[in-house]
Structures are given as structure tokens and as C-alpha cells.
Amino acid sequence: MAYRRVDGPAPRLRGIADSASGDPVLLVDSNVILDVLCDDPTWAHWSREQLRVQSLVHPLAINAVIYSEISIAFDSVSKLERTIDDLGLRMLEIPRPALFLAGKAFVQYRRRGGTKQSILADFFVGAHAAVVDLAVLTRDGQRYRSYFPTVEVISPDRAN
């Protein structure tokens with residue numbers, strides 16, 4: 001599926017719903033958030049617009065892995081927490097079945113010739129999305145599509 005264009009509304013996503021609004025929640029990858037926070041010259045505009053447009057349609061969320069990844073842009077927990085709040089991001093807990101699936105995806109990655117010795121963060125994020133039936137907003141959709149084909153990925157590489 002193509003990413004949501006900034007010139008039109010995004011269709012409804014499946015997955016868990018925000019208890020207040022009933023809208024499906026969208027998991028935001030760290031690369032999108034860091035693009036905005038670090039004002040990446042290549043990706044900041046796309047990421048900022050996607051956060052803006054998607055937040056109009058879906059509650060946005062992160063998990064503990066994404067939290068840890070974006071923490072590199074901060075010198076204190078309080079500043080990170082304030083930014084998460086300012087961006088309207090909610091925290092989701094990663095369920096144990098997703099942790100299990102992340103390990104299985106890593107085994108598959110190694111069998112395909114991957115050289116990393118530790119489980120990659122994208123495997124935790126992708127497995128979380130797959131198990132809970134969430135979509136992921138990322139600018140690097142290929143790994144998610146390869147290892148978690150049931151996950152809807154919103155990324156620039158799928159532009160119409």
C-alpha cells in the first residue's frame with residue numbers, strides 16, 4: 001500500500017484502536033521522529049508532513065524500542081518525555097508474542113546472510129506491529145515488508 005499523500009486524507013487502518021477516539025493506532029518508527037528532531041536535510045520535510053497528516057487521522061504511538069532509539073537526541077529523560085508529549089505520541093507495551101516473533105525474524109535474517117550479531121530494533125518494531133495488527137510509519141519500509149509481510153507500511157518508497 002502507498003503512503004498517505006499529504007494532499008488528501010488517509011484511509012482508516014486496522015489494528016488496535018485508541019480507547020478515547022476508536023481510531024486505529026499508528027506505530028511511528030524512530031527514523032521518522034529523528035528526521036524531525038534532527039532536522040534531517042533529506043527527510044525532515046517528508047517526515048514532518050507525514051506526522052502532521054497521520055496525526056489528523058490516527059493516534060500515533062511508539063514502543064520501548066523506539067523510545068530508546070530516539071533518546072539519542074536528548075540529554076535528559078524529562079526533555080524526551082516532554083517531546084513525546086508535544087508530538088502526541090503514546091507508549092505501547094510490546095507483548096511477549098511479539099518479542100518471540102522478533103527472535104524468529106532475526107533467525108530468518110541470519111539464514112538469509114545477515115551479518116549483525118544482535119537482534120535489530122526493526123525486528124522488535126515489526127514484530128510488535130505484526131502481532132498487534134498495527135501499521136508502521138517509516139521511511140525504511142523494505143525490512144518490514146521482507147520479514148513482516150502482513151504489516152501495512154507507510155513509507156516514501158511506496159509513493160504513488
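**Asp-133.** I started with Asp-133 in this predicted model and found it partly exposed, because its relative accessible area is 30%, between the 20% and 50% cut-offs. Asp-133 sits in the loop between α6 and β4 (135-137). I then looked up its backbone: phi is positive, about 65°, although Asp-133 is not a glycine. I made a note of that because most residues other than glycine have a negative phi.

**Helix α6.** Asp-133 follows α6, so I went to the helix next and tested its length: at 1.5 Å a residue, the 12 residues of α6 (residues 121-132) should span 16 Å. The end C-alpha atoms are 17 Å apart, which agrees. Which residues of α6 are buried? I listed Asp-122, Phe-123, Val-125, Gly-126, Ala-127, His-128, Ala-129 and Val-132.

**Asp-39.** Here I found another positive phi, about 50°, in a residue that is not a glycine. I placed Asp-39 in the loop between α1 (30-37) and α2 (44-57).

Is Glu-49 buried or exposed? Its relative accessible area is 19%, so Glu-49 counts as buried, under the 20% cut-off. Arg-52 is partly exposed, at 40%.

*Lys-79 and Asp-75.* I found these side chains meeting in a salt bridge at 3.2 Å, N to O. Asp-75 counts as exposed, with 63% relative accessibility, while Lys-79 is partly exposed at 37%.

*Asp-157 and Arg-145.* In this salt bridge the closest N and O atoms are 3.0 Å apart. The pair links distant parts of the chain, 12 residues apart: Asp-157 is in the segment after β5, and Arg-145 is in helix α7 (residues 142-147). Arg-145 counts as buried at 17% relative accessibility, whereas Asp-157 is partly exposed at 46%.

**Around Asp-157.** What does Asp-157 touch, leaving aside residues up to four places away in sequence? I noted Gly-141, Gln-142 and Arg-145. I also checked Arg-139: Asp-157 and Arg-139 are 18 residues apart in sequence, and their C-alpha atoms are 7.4 Å apart in space.

Terms used:
Residues are numbered from 1 along each chain as its sequence is written. This is a predicted model: local features need pLDDT of at least 70, side-chain atom pairs count only at pLDDT 80 or more; totals for chains, interfaces and linings use all residues. Side-chain values use heavy atoms; hydrogens and water are left out. Helices (H or I, at least four residues) and strands (E, at least two) are DSSP runs, numbered from the N terminus. The expected span of a helix is 1.5 Å times one less than its number of residues. Buried means under 20% relative accessible area, exposed over 50%, partly exposed in between (1.4 Å probe, protein chains only). Contact means heavy atoms within 4.5 Å. A salt bridge is a side-chain nitrogen of Lys or Arg within 4 Å of a carboxyl oxygen of Asp or Glu.
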